[in-house]
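Let's read a structure together, one feature at a time. Have the sequence and the 3D view open as we go.

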Amino acid sequence: MRTLLLLLGVTVALMSAKQLTVLCPGGIWVCPSGNTCCPENNGQYGCCPMTNAVCCSDQQHCCPSGYRCDATGLKCNRQNEATIPSMQKLAAISMV
């Protein structure tokens, strides 16, 4: 039963991968179209739900293009504009 569930999970992941178009560095992780791959502490990748995002150094958050992360990674700053909250990354899908 456990093997069947594992096989089903792998099949669903592979079928879903056809819809995922952003290949992260190393070719193992993928993110949905319109996302940005951001590295995580564990060597894996996460998906920031915006195109050309800035990955924060806390490796948990990201900011829109043109912004920079504050020291905590919780806010995004842009010169001469208001500060906005950062986005939490989502898990990437492994192709292995």
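Q: Where does UniProt place the "domain: Granulins" feature?
A: Bear in mind that this model is predicted. The UniProt record, an unreviewed entry, puts "domain: Granulins" at residues 56–69. In the model, that stretch is 36% strand and 0% helix, and its end C-alpha atoms sit 6 Å apart.

Q: Let's zoom in on one residue. Which loop holds Asp 58?
A: Look for the strands on either side. Asp 58 is in the loop that links β5 (54–55) to β6 (61–63).

Q: What does the side chain of Asp 58 reach?
A: For polar contacts, look at N or O pairs within 3.5 Å. The Asp 58 side chain comes to 2.9 Å from the backbone nitrogen of Gln 60. There's also a side-chain to side-chain polar contact, 2.5 Å, between Asp 58 and His 61.

Q: Which residues is Asp 58 in contact with, leaving aside neighbours within four places in sequence?
A: Here the cut-off is heavy atoms within 4.5 Å. With those neighbours set aside, Asp 58 touches Asn 41, Thr 72 and Gly 73. Take Thr 72: it is 14 residues from Asp 58 along the chain, with 7.1 Å between their C-alpha atoms.

Q: And how do I read a hairpin? In which sense do β3 and β4 pair?
A: Check the strand direction, then the turn. Strands β3 (residues 36–39) and β4 (residues 45–48) run antiparallel, paired over four bridges. Pro 39 faces Tyr 45 of β4. Five residues lie between the strands, and in this hairpin Gly 43 adopts a positive phi near 85°.

Note on methods. Residues numbered from 1 in each chain as written. Predicted model: local features only at pLDDT ≥ 70, side-chain atom pairs only at ≥ 80, totals over all residues. Heavy atoms only, no water. Helix = DSSP H or I, 4+ residues; strand = E, 2+ residues; numbered from the N terminus. Polar contact = N/O pair within 3.5 Å; in protein donor to acceptor, adjacent residues only side chain to side chain. UniProt positions renumbered as here; feature names shortened; annotations may be inferred. Pairing = 2+ DSSP bridges.
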